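Student: I want to check the labels on this structure against their criteria. Can we go through them one at a time?

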Amino acid sequence: MFPIAWMYYFGTNLEHRFSVPDFWPKAEETYKIPFEKDEIRGELERLKQRRLERRRLRLEKADATNPELERREGS
């Protein structure tokens with residue numbers, strides 16, 4: 001009888017006892033996967049621009065922190 005009591009205790013009213021409010025994001029807050037060709041191309045272009053911007057910033061930071069490297073490359 002004891003396992004049945006455990007199953008009854010943990011099996012009833014689960015959504016109220018063991019739920020975390022607002023755990024899952026709403027449908028409006030999630031990322032939408034592009035399915036159309038134009039949407040995919042636009043997303044690829046956006047990711048490319050983001051990657052190039054991060055690369056540019058990373059290289060600028062590297063040049064600013066290590067000016068000796070620039071002098072060696074110029075020689």
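Student: How many salt bridges does the structure hold?

Tutor: Four. Keep in mind that this is a predicted model.

Student: What makes Arg-56 and Glu-53 a salt bridge?

Tutor: Their closest N and O atoms are 2.4 Å apart. The cut-off is 4 Å between a side-chain nitrogen of Lys or Arg and a carboxyl oxygen of Asp or Glu. The pair is within it, so the label holds.

Student: Why are Arg-56 and Glu-53 separated by about one helical turn?

Tutor: Because they are three residues apart in helix α3.

Student: What is the N to O distance between Arg-56 and Glu-60?

Tutor: It is 2.5 Å, and their side chains meet in a salt bridge. Arg-56 and Glu-60 also both lie in helix α3, four residues apart, about one turn of the helix. Shared partners join Glu-53, Arg-56 and Glu-60 into one network of salt bridges.

Student: Why are Arg-56, Glu-53 and Glu-60 called partly exposed?

Tutor: Look at the relative accessible areas. Arg-56 has 38%, Glu-53 has 36% and Glu-60 has 42%. Buried means under 20% and exposed means over 50%, so values in between count as partly exposed.

Student: Which residue does Asp-22 meet in a salt bridge?

Tutor: Lys-26, at 3.2 Å from N to O. The limit is 4 Å, so this pair qualifies too.

Student: Are Asp-22 and Lys-26 exposed or partly exposed?

Tutor: Asp-22 is exposed, because its relative accessible area of 66% is over 50%. Lys-26 has 41% and is partly exposed.

Student: How many aromatic pairs does the structure hold?

Tutor: One. Phe-23 and Trp-24 form it, edge-to-face.

Student: How do you know that the Phe-23 and Trp-24 pair is edge-to-face?

Tutor: Check two values. The ring centres are 4.8 Å apart, and the pairing limit is 6.5 Å. The planes make 85 degrees, and over 60 counts as edge-to-face.

Student: Which residues form the nonpolar patch on the surface?

Tutor: Phe-2, Trp-6, Tyr-9, Phe-10, Leu-14 and Phe-18. Together they have about 660 Å² of accessible area. Helix α1 (residues 2-11) gives the largest share, four residues.

Student: Which residues gather in the patch of positive charge?

Tutor: Lys-48, Arg-51, Arg-55 and Arg-58. Lys-48 lies in helix α3. Lys-48 has a relative accessible area of 40%, so it too passes the 30% cut-off.

Student: What is the overall pattern of the chain?

Tutor: It reads α-α-α-α along the sequence, with four helices and zero strands. Buried residues make up 3% of the 75 residues.

Definitions and conventions. Residues numbered from 1 in each chain as written. Predicted model: local features only at pLDDT ≥ 70, side-chain atom pairs only at ≥ 80, totals over all residues. Heavy atoms only, no water. Patch = residues over 30% accessible without salt bridge, like charges linked within 9 Å, V, L, I, M, F, W, Y side chains within 5 Å. Areas by Shrake-Rupley, 256 points an atom, 1.4 Å probe, with all protein chains shown as cover. Lys, Arg positive; Asp, Glu negative; His and termini not counted. Charge placed at Lys NZ, Arg CZ, Asp CG, Glu CD. Helix = DSSP H or I, 4+ residues; strand = E, 2+ residues; numbered from the N terminus. Buried < 20%, exposed > 50% of the residue type's maximum accessible area, 1.4 Å probe, protein only. Phe/Tyr/Trp six-rings, centres within 6.5 Å; stacked < 30°, edge-to-face > 60°.
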